[in-house]
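Let's take a walk through this protein, starting from the overall layout and ending at individual side chains. Keep the viewer open as you read.

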Amino acid sequence: MNSALINEIQRFSFDKTNVRGERVLLSSAYQEIIKRKVYPLGLEKLLGEFVAAIALLRDIIKIDGVLSIQAKGNGYLSALMAECDEKHNLRGIAQWDEAQEVPDIISLKEVLAGGYLVITITPRNGQRYQGIVEIVGESLSECLEQYFQQSEQLPSRVWLAANGAQCAGLFLQRLPAEQAQEGDEDAWARLTHLASTVKDEELLGLDTLELLHRLYHEEEVRLYDTNPMQFGCSCSRQRTLEAVISIGTDEVRQLLIEQGSIKVDCQFCAEKYEFTEADLVDLLGDQAQTH
Ligand SMILES: [Zn+2]
């Protein structure tokens, strides 16, 4: 299949081992995210890695709800986040100091200058959970490996790539020994070594069957169903209205007096929302009518 048309994630495992994996490849789902702004190439690539990462996380941490990964730091990058819900809708955004020259290859450590990552799990029902991940090494892959080590206590390896047209990720994890089949103790070392030979061009340019064949033609790979993924924004008129209300009644009233209405553009999807006094009358009560 033409890899430039693929937007999906696929789970796989290796027979007679305790190693499982995931592979995600995104084309238009990623392009929809980066076309919302004019990003420098370096940021298109870094945002693509975040999008591929959240897609992988989404299939590993299976919750009914929203999962997000966000970078926080003191460098010129003021915001970087990607999000995925249970329907495999993806969205993401980056904000940076536009006066700053952004290199084509960004070191996460450098750009976040002492920052960290926040992984947030927001179930539809139940408590929100946030995990903080220190920036280790230069790349997002290394940070994620650290996260899995901390949160699941399972050895995991992650490879990510993005080029402004596609983003992709490969994930391997060694499951606890009791789930292991007998007789293949070298499997983890062998399978991760083979994966580490993967080139960015292969990760981005080959469909999952071709990629796994290229890396693992001597292994027995078992493929599970694929899940399609797409760009999708969770904003709505109601949620935007709630955000407007949260700034406070005095501020809302002031904005209405100054501007006649309150206009809000969604930063993820560019949807435009406008609220007039009539929309806000419940919040403002009778006083809204009196100016
Ligand atoms: Zn939106």
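What follows goes from the whole chain to its cores, then to a helix, a cysteine and some rings.

First, the ground rules. This is a predicted model, so to speak of local features we need pLDDT of at least 70, side-chain atom pairs count only at pLDDT 80 or more, and totals for chains, interfaces and linings use all residues. Residues are numbered from 1 along each chain as its sequence is written, and side-chain values use heavy atoms, with hydrogens and water left out.

Zoom out to begin with. The C-alpha trace spans about 80 × 45 × 40 Å along its principal axes. The protein has 10 helices and 13 strands (DSSP runs numbered from the N terminus: H or I of at least four residues for helices, E of at least two for strands). Its domain assignment gives domain 1 (3-177 + 186-231) and domain 2 (237-289); such bounds come from an automatic or database assignment. The C-alpha centres of domain 1 and domain 2 are 36 Å apart. Of the 291 residues, 48% count as buried, meaning under 20% relative accessible area, with over 50% called exposed and anything in between partly exposed (1.4 Å probe, protein chains only).

Now for the inside. In soluble globular proteins, nonpolar side chains tend to be buried together. Here the largest nonpolar core has 69 residues, and Leu26, Phe50, Leu57, Ile69, Leu90, Leu117 and Leu144 have the most contacts inside it. At least three residues of the core come from each of domain 1 and domain 2. A second, separate core of 22 residues includes Ala168, Trp188, Leu191 and Leu211.

Have a look at α2 itself. Its 20 residues reach 29 Å from first C-alpha to last, close to the 28 Å expected at 1.5 Å a residue (the expected span is 1.5 Å times one less than the number of residues). The helix is mostly covered, with 18 of its 20 residues buried.

Which residues does Cys84 meet beyond its neighbours within four places in sequence? Cys84 sits in strand β4 (residues 77-84) and is buried, with a relative accessible area of 0%. Its contacts (heavy atoms within 4.5 Å) are Ile54, Arg58, Gly65, Val66, Leu67, Asn89, Leu90 and Met229. Leu90, for its part, touches residues including Leu26, Val51, Ile54, Cys84 and Phe231.

Finally, the rings. There are 5 aromatic pairs; rings of Phe, Tyr and Trp (its six-membered ring) pair if their centres lie within 6.5 Å, with planes under 30 degrees apart counted as stacked, over 60 as edge-to-face and the rest as tilted. Phe14 and Tyr216 have ring centres 4.7 Å apart and planes at 75°, so they are edge-to-face. Phe14 belongs to strand β1 (residues 7-14) and Tyr216 to helix α7 (residues 208-216), 202 residues apart. Both Phe14 and Tyr216 are buried. For Tyr39 and Trp96, the centres are 5.5 Å apart and the planes at 35°, so that pair is tilted. Phe12, Phe14 and Tyr216 form one aromatic cluster.

Methods
A nonpolar core is a set of buried Ala, Val, Leu, Ile, Met, Phe, Trp, Tyr and Cys residues joined through side-chain atoms within 4.5 Å.
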